[in-house]
Amino acid sequence: MSSAPIPDRAILVDMYRKMTTIKQNDEKSRAIILSGKIPMVYYSPRGQECIPAAVSVNLTPEDNICTIYRGTHDMIAKGVPLKDLWAELAGRATGTCKGKGGPMHITHPASGVLVTTGIVGSSLPIANGVALASQIRGDKRVAVAYFGDAASNIGAFHEALNMAAVWKLPVIFVCQNNRYGEHTKYEKTTAAKQIADRGAAYSMPGVRVDGNDPVAMYNVAKTAIDRARAGEGPTLIEAMTFRFYGHVFGDADKYMDPGEKKAAMAADPVPRYRQWLIDNGHITAGELETMEKQIDAELTEAIEAAIDAPWPEVSELRKDVFAEEIAA
Amino acid sequence: MTTESPSKPAVKKIGMIQALNMALHEAMSKDERVIVLGEDVADPEEGGIVGVTKGLSTAYGDLRCRSTPISEQAIVGAAIGAAIVGMKPIAEIMLMNFTTVAMDMIVNHAAKLRFMSGGQTGVPLVIRTATGAGLSVGGQHADYYEAWFAHTPGIKVVMASTPADAYGLLLSAIDDPDPVIFVENTLLYFSQGEPPEPGKRVPLSVANVVKPGSDVSLVCYGSHVAPSLAAAGKLEAEGISVEVIDLRTISPWDRKTVLASVAKTGRAVITHEAVKPFGVGAEISSVIHEELFDKLKGPVQRVGAPYCPVPYSKPLEVAFMQGAEAIEAAVRKTLQARAAA
Ligand SMILES: Cc1ncc(C[n+]2csc(CCOP(=O)(O)OP(=O)(O)O)c2C)c(N)n1
Ligand SMILES: [Mg+2]
């Protein structure tokens, strides 16, 4: 774990709560897909829990995020209610998006999840616009754009960074570098030695951090978010991490050196952080167990409620295309 | 009822993915100018997300089959540049929704360079891409944009319904001197069919009369050929004879075959997976009305998806996707005009 400054106990515990919720949510997601009860396309964020947990504890409920298909960790960390999330994953009428969006398009403005995109790179330009509105209104909100390492090779990334920098937008670009884009290794497609270096090209701070180290990640996120809130402009954060279950659930990982994944899983950030919290006297094992049990119960309830929830009516196809319903 | 004659050896069917892969091997082994660019297409990346490009980088080298950054604009741009100077690039854009990121390259450049240069430069490029509803992937992974591209002069648009057609059409697309968007259907990837004859091309802009008939002409392509045949089979049992025409090339389409069929039947239905309003069906229907108004026995009918993005939730997706039932109903509707008259 990175050295000082170490945040307050409440923040440390809150980060763990978010991380373990994401981890447990992932375990339940994979189990429920395998059971056939809720079939869905699933881009597991397991292994990347720490990044949005550390970012989110620095955000207010009014701050907004734009995220991507691999984004349940970002959504949970920002506070999307688990019941609404699960009902959407199950395609039910009670879901965040009435079942119309699905796992790749979870939207929940009430908790600050404004856009989830399935198009690589598209979270960044839109986050700029959200930040632009805050800049004009002077409401001191910040916007976070989450995206992957491979997304830094698409035009939208470069256009968005330049615009954010030249306009000093209150936006934070959080690249979750898990070293692969689908089946392709980082080095094969990315000329920059590190993505953080790309910040310099747009005259903005570019910071690489161990995204699996909660304290280090917290400090980097805090600096960037404080800076954005103070009107000093954007930051590009490159958070180093690894995805444990390949690109999409069911991925055979044949393109990957087996040792690579094993090593990453052996350094699982969640149990490691748990142990650190106990060892450093921030919380007891017993307290953590109680928390974990409570989260498990909450998740179980959310999933069961989703399965029992009603399906949307077919007439929904005519609603929400425009604000006004399309005539039958 | 027909039965296989015992003397005829059963031909081993092949899958769509295999047929496409065979066509790529055929083209790359015969012509050094053919190159493949796309995300995850080379063998270290498993030869494409479903394996269409498997074996190509191993067989022809990683300069000729290259995994790219996630940079659709740069992929299509590079393919255009290479095409202008004499290569025959095949750019794979993983899903049709991602062509939107490369729209400038496709629409402003690939489609127009020949015309704007007065014929000095041409773009013999193939863009292979895939799409289709039915896999619960929601609004950004299953759109059909063939009407957009067909509405852009200078691009050809092709969709195959069987493995053998896919093989032959892809080879023709690669041979073609102009840009071709070759659209694959994600559900049809898992279909089987008769194997193609090695090297045999299926010409572009020539439709296939899959089933002859005399009462109604049913024009379809891609994923809607199988449900069209199913609907035609059902109607046949009631004595309604449906001629099923697989367009195979959406643009430029085979007007001759379609118009000859409708001149004979006097009734037409056009069906596609894409959203119905402003779709390909509208163009074909209009041409039929322009050319054959006097011969029509009833108004031309269209089948297509309702006017909304592809929904995620299963019952909504099922309602969104039109199949044999909707096609059958449209055919019946063209016949009602006769009954009423
Ligand atoms: C414009 C576009 N091109 C291609 C894809 C297909 N695709 C989905 S995820 C992905 C890899 C993205 O990798 P990265 O940005 O590193 O994020 P990760 O999935 O690793 O979290 C690709 C190529 C897409 N969704 N959008
Ligand atoms: Mg990645």
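Predicted model: local features only at pLDDT ≥ 70, side-chain atom pairs only at ≥ 80, totals over all residues.
A:Cys175 counts as buried, because its relative accessibility is 0%.

**Cysteines**

How many disulfides are there over all chains? The count comes to 0. A disulfide requires a pair of cysteine sulfur atoms within 2.5 Å. For A:Cys175, the closest cysteine sulfur is that of A:Cys50, and the separation of 15 Å is too far for a bond. B:Cys308 is buried, since its relative accessible area is 9%.

**The site of ligand 1**

Ligand 1 has 21 residues around it, of which A:Tyr69, A:Arg70, A:Gly118, A:Asp149 and B:Glu72 come nearest. Because the surrounding residues come from chains A and B, the site is shared between chains. By residue class, the shell divides into 11 nonpolar, 5 polar and 5 charged residues.

| Residue (backbone atom) | Atom of ligand 1 | Distance |
|---|---|---|
| A:Val120 | nitrogen | 3.0 Å |
| A:Ala151 | oxygen | 3.0 Å |
| A:Tyr180 | oxygen | 2.9 Å |

Taken alone, ligand 1 exposes 580 Å², and the protein buries 98% of that area.

**The magnesium ion**

Which residues coordinate the magnesium ion (ligand 2)? The donors are A:Asp149 (OD), A:Asn178 (OD1) and A:Tyr180 (O), at 2.0 to 2.1 Å. Along the chain, these donors follow the spacing D-x28-N-x1-Y. Distant parts of chain A are linked by the pair A:Asp149 and A:Tyr180, which are 31 residues apart. A:Asp149 lies in the loop between β3 (143–148) and α6 (155–166), whereas A:Tyr180 lies in strand β5 (residues 180–181). Both A:Asp149 and A:Tyr180 are buried.

A:Asp149 is among the residues that come nearest to ligand 1, and a backbone N or O atom of A:Tyr180 lies 2.9 Å from an oxygen atom of ligand 1.

**Further residues of chain B**

B:Glu184 is part of strand β7 (residues 180–185) of chain B. Its relative accessible area is 4%, so B:Glu184 is buried. The side chain of B:Glu184 makes a polar contact of 2.4 Å with the side chain of B:Tyr189.

Is B:Gln322 buried or partly exposed? With a relative accessible area of 24%, B:Gln322 is partly exposed, because the range for this class begins where the buried class, under 20%, ends. B:Gln322 is located in the loop between α11 (314–320) and α12 (324–340) of chain B. B:Gln322 and B:Asp62 are 260 residues apart along the chain, and their C-alpha atoms are separated by 41 Å.

**A residue after helix α12 of chain A**

A:Leu317 belongs to the segment after α12 (285–308) of chain A. A relative accessible area of 9% means that A:Leu317 is buried. Between the C-alpha atoms of A:Leu317 and A:Ala328, 11 residues apart along the chain, the separation is 9.9 Å.

Methods:
Residues numbered from 1 in each chain as written. Chains lettered and ligands numbered in written order. Heavy atoms only, no water. Near = heavy atom within 4 Å. Polar contact = N/O pair within 3.5 Å; in protein donor to acceptor, adjacent residues only side chain to side chain. Areas by Shrake-Rupley, 256 points an atom, 1.4 Å probe, with all protein chains shown as cover. Nonpolar A, V, L, I, M, F, W, Y, C, P; charged D, E, K, R; others polar. Buried < 20%, exposed > 50% of the residue type's maximum accessible area, 1.4 Å probe, protein only. Donors = N, O, S within 2.8 Å, 3.2 Å for Na, K, Ca; no water. Helix = DSSP H or I, 4+ residues; strand = E, 2+ residues; numbered from the N terminus.
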